[in-house]
Amino acid sequence: MWACPDQIQAETPHENRDVLVGVYAVTGSASGMGHMVAQKLCDAGHTVIGVDIKQADIVADLSTVEGRRAAANRVLESSRARLDGAVLAAGLGPGPAGNRSRLIAQVNYFGVVDLLNAWRTALASATRAKVVVFSSNSTTTTPAVPARTVRAFLADDADKAVRSVRLFGTNASTILYAASKIAVSRWVRREAVRPEWAGAGIRLNALAPGAIMTPLLEEQLSMPKQAGAIRSFPIPMGGFGDAGQLADWALFMLSDAADFLCGSVVFVDGGSDAYFRADDWPRTVPMHRVLHYLKRFRHFSASGPTIASR
Ligand code: NAD
């Protein structure tokens, strides 16, 4: 458990706004990168409301609708419906068969989207709120993730997403994990630019780590089949990433330096994505998309700048 768990009982959580102290919700605060983020925010004097299935200010199971609703409401109560930021780090990695795919779908995708939708007004109530969603470099380095699985997530159909990967057998949870992170990244990019988010001064972005040494990675390394693939996976910088360093990236994305960051997916992965996909991105707008591009251009000009001047 991190060091300042009593903070949410503070009578006036926003009292110190003049000295740039904020109130932040952090999911996955009991372990790994979420834990490090919560600890570093705390050390910087911020108020942190941790959410996790264990050892947290708000203990809630984000794999259920009721758990997500309870977590969302309790954070709103504790923050008095005003949040300077949120970090969505709760998640599960690929693992043993059985229930794992369902849990990945519920926590990694709906555990982000449902909470952020519930917190949007509270985020808009703060000045220049920032949100960091934990994605993954599995989004671009896991081959053959079916487009229909990603579509099922974006259509809020968890059962269909889980069904659609069954044919992958023992690799189903690996494919579903990547699909959940692609879908959540796409959700971030789609929503970030809308008037409800950018227009309300909320900066919504994703952080995409590579293999980072946390209990999640340790679990994967304890399974012989997965361990072989992880240990031989190309990482140009070598070794595994450090949870504290990833937390520093998240804090940077919560800081004033990130005021102009919107809808970005920031890869911090030791170079694996660049190794596999060097020429895939940035990409020019292909000829068959130019009409769509011009429509978006005109739509923006017609509706005026979406970002509030704050
Ligand atoms: P971790 O296992 O150390 O922490 C994840 C936290 O999520 C845990 O505290 C766990 O209790 C919580 N959680 C799991 N199921 C939950 C549920 N049903 N309800 C509430 N909380 C629940 O993992 P981590 O490596 O720190 O991962 C943080 C995020 O980063 C995850 O979203 C993960 O997918 C992502 N990520 C991790 C890596 C990596 O290599 N470690 C790489 C890319 C992305």
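This is a predicted model: local features need pLDDT of at least 70, side-chain atom pairs count only at pLDDT 80 or more; totals for chains, interfaces and linings use all residues.
Colleague: Which residue in E2 is the bridge partner of Val-23?
Modeller: E1 and strand E2 (residues 47–52) pair in the parallel sense over 5 bridges. Together with H1 they make a β-α-β unit that is right-handed, a term that applies if, with the strands pointing away from the viewer, the path from the first strand over the helix to the second runs clockwise. In E2, the bridge partner of Val-23 is Thr-47.

Colleague: Which residues point the other way from E1 than Val-23, Ala-25 and Thr-27?
Modeller: In a regular strand, side chains alternate between the two faces of the sheet. Of the 5 residues of strand E1 (residues 23–27), 5 are buried, where a residue is buried if 20 or more other C-beta atoms, placed from the backbone, lie within 10 Å of its own, exposed if 12 or fewer, and partly exposed in between. Val-23, Ala-25 and Thr-27 point one way, and those that point the other way are Tyr-24 and Val-26.

Colleague: Which strands stand at the edges, each with a single partner strand?
Modeller: The open sheet has 7 strands in the order E3-E2-E1-E4-E5-E6-E9, with parallel pairing. Because each edge strand has a single partner, one side of each is left without a neighbour in the sheet, and these edge strands are E3 (58–59) and E9 (265–268).

Colleague: Seen down the axis of H5, within what arc do its buried residues fall?
Modeller: In helix H5 (residues 147–154), the buried residues are Thr-149, Val-150, Ala-152 and Phe-153. They line one face of the helix, because the arc within which they fall, seen down the axis, is 155°, an arc taken over the directions from the helix axis to the C-beta atoms. The value asked for is therefore 155°.

Colleague: How many C-beta neighbours does Asp-156 have inside 10 Å?
Modeller: Asp-156 lies in the loop between H5 and H6, and although it is not a glycine, its phi is positive, at about 65°. Asp-156 counts as exposed, because its number of C-beta neighbours inside 10 Å is 12.

Colleague: What is the omega of the cis peptide bond that joins Trp-281 and Pro-282?
Modeller: Pro-282 is found in the loop between helix H11 (272–277) and helix H12 (290–303). The bond that joins Trp-281 and Pro-282 is cis, with an omega of about 0°.

Colleague: How many residues of the shell around the ligand are charged?
Modeller: The ligand is surrounded by 27 residues, where a residue is near a molecule if its C-beta atom, placed from the backbone, lies within 6 Å of it. Helix H1 (32–43) and helix H8 (215–221) each supply at least two residues of this shell. Ala, Val, Leu, Ile, Met, Phe, Trp, Tyr, Cys and Pro count as nonpolar, Asp, Glu, Lys and Arg as charged, and the others, Gly among them, as polar. On that division, 15 residues are nonpolar and 9 polar, and the number of charged residues is 3.

Technical notes: Residues are numbered from 1 along each chain as its sequence is written. Helices (H or I, at least four residues) and strands (E, at least two) are DSSP runs, numbered from the N terminus. Two strands pair if DSSP finds at least two bridges between them.
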